[in-house]
Amino acid sequence: LRLGRGRHADSAPLEAAARERGVPLDVLDVESEEARDLYARELVLVRPDYHIAWRGNSPPTAAGALVARVTGHG
């Protein structure tokens with residue numbers, strides 16, 4: 001999830017890391033300040049079982065390691 005009205009944090013590193021590992025990843029822009037306030041971050045990585053695997057205001061410095069960890073390969 002990319003949260004916040006009119007501004008979107010950079011999700012490109014996470015998208016690239018998922019692509020490299022062959023992990024399907026959909027990016028959903030949520031133009032809602034209420035959602036941004038609820039999650040308290042601008043980027044949220046949600047697993048298919050709706051577990052929040054990670055959240056932050058900017059992409060992780062080691063996106064590949066994060067994707068590996070949340071997919072059970074780290």
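The model is predicted.

Start with the core. The largest nonpolar core has nine residues in all. They are Ala9, Leu14, Ala17, Leu43, Leu45, Trp54, Ala63, Leu66 and Val67. Which elements give two or more residues to this core? They are α1 (12-21), β3 and α3 (63-70). The most comes from α3, with three residues.

Stay with Ala63 for a moment. Set aside its neighbours within four places in sequence. Ala63 is then in contact with Pro13, Leu14 and Ala17. Leu14 and Ala17 belong to the core as well.

Next, Ser32. Find this residue in the loop between β2 (29-30) and α2 (33-39). Is Ser32 buried or exposed? Its relative accessibility is 18%, so Ser32 counts as buried; the cut-off for buried is under 20%. What does the side chain of Ser32 reach? It reaches the backbone nitrogen of Ala35, at 3.1 Å. Now leave out the neighbours of Ser32 within four places in sequence. Ser32 is in contact with Gly4 and Arg5.

Last, the surface. Val46, Tyr50 and Ile52 form a nonpolar patch there. Together, these three have about 320 Å² of accessible area. Look at Tyr50 in particular. Tyr50 lies in the loop between β3 (43-46) and β4 (52-56). With a relative accessible area of 71%, Tyr50 is exposed, because exposed means over 50%.

To recap: Ser32 is a buried loop residue, whereas Tyr50 is an exposed one.

Methods
Residues are numbered from 1 along each chain as its sequence is written. This is a predicted model: local features need pLDDT of at least 70, side-chain atom pairs count only at pLDDT 80 or more; totals for chains, interfaces and linings use all residues. Side-chain values use heavy atoms; hydrogens and water are left out. Helices (H or I, at least four residues) and strands (E, at least two) are DSSP runs, numbered from the N terminus. Buried means under 20% relative accessible area, exposed over 50%, partly exposed in between (1.4 Å probe, protein chains only). A polar contact is a pair of N or O atoms within 3.5 Å; within protein, one must be able to donate a hydrogen and the other to accept it, and residues adjacent in sequence count only if both atoms are side-chain atoms. Contact means heavy atoms within 4.5 Å. Patches are made of residues with over 30% relative accessible area and no salt bridge: like charges are joined within 9 Å, nonpolar side chains (Val, Leu, Ile, Met, Phe, Trp, Tyr) within 5 Å. Accessible areas come from the Shrake-Rupley method with a 1.4 Å probe; for residues, only the protein chains shown count as cover. A salt bridge is a side-chain nitrogen of Lys or Arg within 4 Å of a carboxyl oxygen of Asp or Glu. A nonpolar core is a set of buried Ala, Val, Leu, Ile, Met, Phe, Trp, Tyr and Cys residues joined through side-chain atoms within 4.5 Å.
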